[in-house]
Amino acid sequence: QVQLVESGGGLVQAGGSLRLSCTASGRSFSGYAMGWFRQAPGKEREFVAAISRNNRGVTYAESADSVKGRFTISRDNAKNTVYLEMNSLKPEDMAVYYCAGRPTTTNLYYTSEKEYIYWGQGTQVTVSS
């Protein structure tokens, strides 16, 4: 069993930055593909970014309000932690952000929430205009 705990959310002005962290319990973090998702009020949860277990594969949402170019996902397997660096934040980025993980023997990343087994409790990101 793996527990994921997010931190780093908060209130920031538009154009500002935040870094979210997600720390996993257990000893097998390096065997997990990880992802970040978010859910805004009244909307479904959506994919934000994902990273492979070996830190070599990353991908970002390609939606209209794309985070690509503004957000960076990374991980430190020695610290059992995955990060989401968020820059140039916009009011539409405001949401509860969740990290998710799944064990894998591949070096793939996963963009569908159905692929993930473990979820954190979420951390609120509020962006004021």
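Start with the nonpolar core: select Trp36, Leu84, Met86 and Tyr97, the residues with the most contacts inside the largest one, which has 37 residues. A nonpolar core here is a set of buried Ala, Val, Leu, Ile, Met, Phe, Trp, Tyr and Cys residues joined through side-chain atoms within 4.5 Å. In soluble globular proteins, nonpolar side chains tend to be buried together.

This is a predicted model, in which local features need pLDDT of at least 70 and side-chain atom pairs count only at pLDDT 80 or more, while totals for chains, interfaces and linings use all residues. Residues are numbered from 1 along each chain as its sequence is written, and side-chain values use heavy atoms, with hydrogens and water left out.

Now zoom out and show the protein chain as a cartoon. It has zero helices and eleven strands (DSSP runs numbered from the N terminus: helices are H or I, at least four residues, and strands are E, at least two). The radius of gyration is 14 Å, close to the 14 Å that the globule rule gives for 129 residues, so the protein chain is as compact as a globular protein of that length. That radius is taken over C-alpha atoms, and the rule is 2.2 Å times the number of residues to the power 0.38. The C-alpha trace spans about 40 × 25 × 25 Å along its principal axes. Of the 129 residues, 46% count as buried (buried means under 20% relative accessible area, exposed over 50%, partly exposed in between, with a 1.4 Å probe and protein chains only).

Next, select Glu6 in strand β1 (residues 4-7). A salt bridge is a side-chain nitrogen of Lys or Arg within 4 Å of a carboxyl oxygen of Asp or Glu. Turn to the backbone instead: the nitrogen of Cys99 lies 2.9 Å from a polar atom of the Glu6 side chain, and the nitrogen of Gln121 lies 3.0 Å from a polar atom of that side chain. Glu6 also touches other residues, including Trp36 and Tyr97 (contact means heavy atoms within 4.5 Å).

Then look for salt bridges; the whole structure has six. Select Arg38 and Glu46, whose side chains meet in one at 2.7 Å, N to O. Arg38 counts as buried because its relative accessibility is 4%, whereas Glu46, at 33%, is partly exposed.

Move to Arg70 and Asp93, another salt bridge at 2.7 Å, N to O. Arg70 lies in the loop between β6 (58-60) and β7 and Asp93 in the loop between β8 and β9 (95-103), so the pair ties together parts that are 23 residues apart in sequence. Both Arg70 and Asp93 are buried.

Go on to Glu115 and Arg102, also joined by a salt bridge, with the closest N and O atoms 2.7 Å apart. Glu115 is partly exposed at 35%, and Arg102 is buried at 18%.

Finish at Asn80, in the loop between β7 (71-76) and β8 (81-86). Asn80 is buried because its relative accessibility is 16%.

Technical notes. Polar contact = N/O pair within 3.5 Å; in protein donor to acceptor, adjacent residues only side chain to side chain. Lists of a residue's contacts leave out its neighbours within four places in sequence.
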